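I opened my notebook to look through this structure entry by entry.

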Protein chains: 2
Amino acid sequence: MRRRSVVIVAALAACSAAIAQPASPRDGLEHWPPAERAAFAALDRTLVETPRADRLLAWHQLLGEEPHVAGSEGDARVIEKIENAFREMGLEVQRHEFWALLAKPVAAELEIVGTPPVRLSVREDMLMQDAPSRHPNQNFGWNAYSGSGEVEAEVVYVNYGTKADFARLRAMGVETTGRIAIARYGGNFRGYKAKFAEAAGCVGLIIYTDPADSGYAKGIPYPEGGYSNSSCIERGSLSTLGYAGDPLTPGVEATRDAKRLDEREIDLPRIPVQPIGYGSAAKIMERMTGAGVPEGWQGGLPFAYRLTGGDGLRVRLKVEQTRAIVPTANVIATLRGTTEADKKVVIGCHHDAWGCGAADPLAGTIALMESARAFAEAAKAGHRPRRTLVFAAWGAEEFGIIGSTEWVEANRDNLIAHGVAYFNLDMASMGPNFAASGSPSLRRVLFAAAGVVPQARAKAPRTVLDDWLSRAADERFPGMPRVGSLGGGSDHIGFLCHVSVASASISAGGSRGNAYHSTYDTLPWYWKVVGEDYEPALLVTRMTTAAAARLAYAPLLPLDPSDYGPEAQRHLSDLGKRAVELGLWSRENEPAWMARLGSRAEAYRARALAVRGDLLAALDSGRLSGQGLAGVNRLLMAGDRAFLDEDGMPGRPWFRSLFVANDEDSGYASWMLPGLRRAIEQKDPAAAEEAAGRLIAAFKKLETLSEAMAEAVSGDR
Amino acid sequence: MRRRSVVIVAALAACSAAIAQPASPRDGLEHWPPAERAAFAALDRTLVETPRADRLLAWHQLLGEEPHVAGSEGDARVIEKIENAFREMGLEVQRHEFWALLAKPVAAELEIVGTPPVRLSVREDMLMQDAPSRHPNQNFGWNAYSGSGEVEAEVVYVNYGTKADFARLRAMGVETTGRIAIARYGGNFRGYKAKFAEAAGCVGLIIYTDPADSGYAKGIPYPEGGYSNSSCIERGSLSTLGYAGDPLTPGVEATRDAKRLDEREIDLPRIPVQPIGYGSAAKIMERMTGAGVPEGWQGGLPFAYRLTGGDGLRVRLKVEQTRAIVPTANVIATLRGTTEADKKVVIGCHHDAWGCGAADPLAGTIALMESARAFAEAAKAGHRPRRTLVFAAWGAEEFGIIGSTEWVEANRDNLIAHGVAYFNLDMASMGPNFAASGSPSLRRVLFAAAGVVPQARAKAPRTVLDDWLSRAADERFPGMPRVGSLGGGSDHIGFLCHVSVASASISAGGSRGNAYHSTYDTLPWYWKVVGEDYEPALLVTRMTTAAAARLAYAPLLPLDPSDYGPEAQRHLSDLGKRAVELGLWSRENEPAWMARLGSRAEAYRARALAVRGDLLAALDSGRLSGQGLAGVNRLLMAGDRAFLDEDGMPGRPWFRSLFVANDEDSGYASWMLPGLRRAIEQKDPAAAEEAAGRLIAAFKKLETLSEAMAEAVSGDR
């Protein structure tokens, strides 16, 4: 590998050169007092130019050379490497250890019963072309928190195993009780497949990767191409608890001595669950003899799918796992701020992986490391940030977003008071096409950053903003690209949903391939699929750095809560359609509170924009500085916290944002205005009105904040 | 088979009982003078009740027992059987013989070159469960009019082989010259695959049925289910000449001694073309090693598709066919009218097939026979129609819509003067879901018929209209079902596009399976897939009978040309969007003639509806009868001929309807307002304006006809 890396770096020396022009009209510098603008523009340029492809490759090789599942020895080695690296940069480093309930695979067996039985593979083929795929610490396929046990039964195909799929099976009168379910990956978070299968009486669950969803039907498989080959297995956690973090310590830090729930009381799967590749799945499914499947249930295997296997087909599944409370750690590196040092801008990405993790998580972790290096270099050159920058490499994300959640829980009050923003980089650098999802208050700072960062692999010089806009214009905000809603599934959850700190996920994609959670998620796979130029990772590093720099260095915080108004209206309009679809009300009979909430959001926005104009004018004229400025910044940060609800969501009190939660029926998707969404899904108009009342109250809080800002700049105090 | 049929008929005795109530408000009886309405209602009911499931089964067994390719001995036997059957009904029968250039398969060989070579099957597996699939006269797979020859070359995958697919290959720089193309069925008429492949320099073409399009990915294959198994082959003609009918006698009847073109001058394929099943295709395609395919080109075979085979993969293809001028025949049965005997209502379906033809064409032919029997019975009971009914079993449809075209060409002037309407039944009875496509002037009579025919297999009594409307409401005509546009590909073409006689295709579908043009298109396949109850065929027979009865018996012809107005507007709106899409003009700069044509169509419609009210009032009051009535009927019939253009389409003079033609780039689809459509596709605004001028003239003719009708009922003459 060493020799290869030299070639890669040599070939790409030129790529870092074409930096876009700084200080475009969309660079966000209006948040700077005129006197200091030029100095920041120069620093901004330095920060964007510091990241280097060869350093990104070096981080990748440092952290991706061996499997490092959370709690393993490989994990411990990665933690130590990250600590040393941050320390060498000159950052303050803290190892934040936590003790979490983690699962460990012991055995897995799958066979078609018969004389002789047909034994099915539960591990990937080792590849000559991919040395890390042959690493002795690579494990067989497993889903963390599966039940342990051995079952033998007939099989039933459940499509993606979504709530709707199981409802369809019931409607068709297909027996699921006592059977082993076969579900394909996709459509929901895998934990829900297990949850619904168990609820339907299934005695076991096999989850496989269908070639229609990420195998040969998508493109040429690995190692010739990048898509899942027949042995490729998606690992992953099955936890669907109503909170993120350690399963036994919801809401509190998982210290060694924390008060814990009894493991038997929490709702983890009881049935054995086993992930397999489509080669093994085909051997079972081609033997099924029941009725054909409904439209949309057929996948890419070369035969007609059947609902049931028939009594001539029995499968034996054995899964053995242990669960234990084991230590692992986050690594937290800090660059202390000068003027508002208590305020924190946090950039994070997890470090644990299911195998070597070249893509998940390291395609993000390497950008975290390189962004930290850029800021550390700037600080050494005398440019310390106004606010504190925190670089966090989270542990045990893969088991249930554990490390970041434990840190958020440990620092809850401090983050509510002083958390400026969180940027999450999980698996971020996967291609040249930039995308972002996140809080409305961070939209503008993302656009500003995109305006100064050069697009990766562009034929002619253009900014990320140009490219982003050309691919994803937002029909609701003409001339702006679309910022998506943040769903469940990564380390932003604690920040966004538990303490309501402005959060965004930054990423760049567009490569053709999939090795997700498999032993093929290796550097050779990454180089083949994403490329060897590290241009996507440079782009992500620069975007992260430029956005975080604006938040950390600007005297006036570039958070803009005014966009909560139109974003809430967008979601409200979607929810109105959903309610009509579900028959909760008709288009003509929309309840009055819908309009009331909509106009409250609109009124807030108008007021907030006017006040923002006053703020910038006060900044320009020098009227806004010192204590007044710090006070306004506190009010701006408080905007995101207007949606913090101490009561939490009904049934999920850990989720405390009125603005966003993850989908409680599928896990990966986001529920916007989740209290309202839940009431509508449950067809409960009274609950919907109650939820709308809470949102109206949140907008009233936002209006109060605007008024306070207006007063702060009116010059009277 | 005999024993089986007894069971089927016995089981279904009850089905024919539940006849819907006649004389609903939507039954079309407003076209009857009050004094005669009740008598027609009774006859209408008798005509709907006469068809029987056991007779339909008997027709099916009579005509579907052996392969009967046009020009073969089986074909001659089927012709004789149909003649005898019509004669036994008491109809006047004429054998209309014609001499056409037909192809005949001699040999086909396909192999992957190597030591040893891999020989690939070019015929279907014979099935134990399907005796007719084992009939000695079943042939190997072939495409009529293929070039003859032997080629050995590398391969290139061309997706569906559409114009767009070949353009995409050129854009990607993929070499096609000197290669054998592999195309999947679908997306266009197969003849265009050959035409475009030849134009791209390919030396041969293999066409296969992809499992994603009609094999296991759609459902369980035959014989367990109804979809294409791996050996199933779609036969079919490759002719894409700019006219229908005998290739050597465009525009004139193909009599034995007709003046003929030289075969070498006409544009039939020169390269060998071979259809195969997906089992054989997979053996070639799984050995291909070139680059992956673009999005949308992957099919359902279990590997990633490649654009090229690479030089390690050579295929040898040999096709041998003869072409000769051979006789075959239409069978024309006539039930002469009483009062307006020169006027003709024609019902037709072809009789020739690629194999036994249980579905194509017999699922329509059996309805033709049973409808003829119902009318013949009524005539024997003293109810002769006012106008002449013609029942036509066409020959050699499969080679290029030959028999019907030769008959239309032989009777051109007579049909232009006296043709009332044509109903086409090709492959009509394939399930319970009724659908119709056709001329705007026939919409109302189809709705009226649907209002008196009971829905097949309905749980509670409902009419075809209720069911049709529930599945396919027309957004442009509230409360009415959608009548589609008639595309290319069957025996209506001569009537609709050459002499502009009102035409409709009647069918009922919704079964799950496909044996199209294969040796599996047999009675056992039909019974398994469509069912053994013949309810779909009863529905089709009754719909045909009820619609034809209204046109043949009513004193005032129930043709309603007023719907040409809104239908033209619908197509004009689609063409406007197409022109914007192609960049011919922008939405804001639509040429003035677009609006002019639209408002002309609108003005005509308003006038025509008013005159129709006057006509019905005159009918009710007894003012309209005798010569006056006959005159109005001539004017109503002339409505369809307003779109007859003696010059024909540019480049395709045989196509003489200004309203509809088949798509000149794909064959199967329809081009509405084809002169305009062609000009827009070719981005020729001058030609578009010229075409619009012709359409405006057609609407002026229609307005003149309306004025003449208004005058006829004004009482002055």
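Before starting, I noted that helices (H or I, at least four residues) and strands (E, at least two) are DSSP runs, numbered from the N terminus.

Entry on a loop residue. With that in hand, I placed A:Lys683 in the loop between helix 21 (674-681) and helix 22 (685-713) of chain A, and I found its phi near 50°, a positive value in a residue other than glycine. I counted 13 other C-beta atoms within 10 Å of A:Lys683, so I wrote it down as partly exposed.

Entry on confidence. I kept in mind that this is a predicted model, in which chain A averages a pLDDT of 94 and 96% of its residues score at least 70. Over residues 1-25 of chain A, however, pLDDT stays under 50. Where pLDDT is low, the predicted coordinates should not be read in detail.

A:Asn159, which is not a glycine, has a positive phi of about 55°, and I found it in the loop between strand 5 (155-157) and helix 5 (163-172) of chain A. Because A:Asn159 has 25 C-beta neighbours inside 10 Å, I counted it as buried.

Entry on peptide bonds. The bond from A:Asp360 to A:Pro361 is cis, with omega near 15°, and A:Pro361 is found in the loop between strand 11 (340-350) and helix 9 (362-380) of chain A.

How values were computed:
Residues numbered from 1 in each chain as written. Chains lettered and ligands numbered in written order. Predicted model: local features only at pLDDT ≥ 70, side-chain atom pairs only at ≥ 80, totals over all residues. pLDDT = per-residue confidence, 0-100. Contact = placed C-beta atoms within 7 Å. Buried ≥ 20, exposed ≤ 12 C-beta atoms within 10 Å, placed from the backbone.
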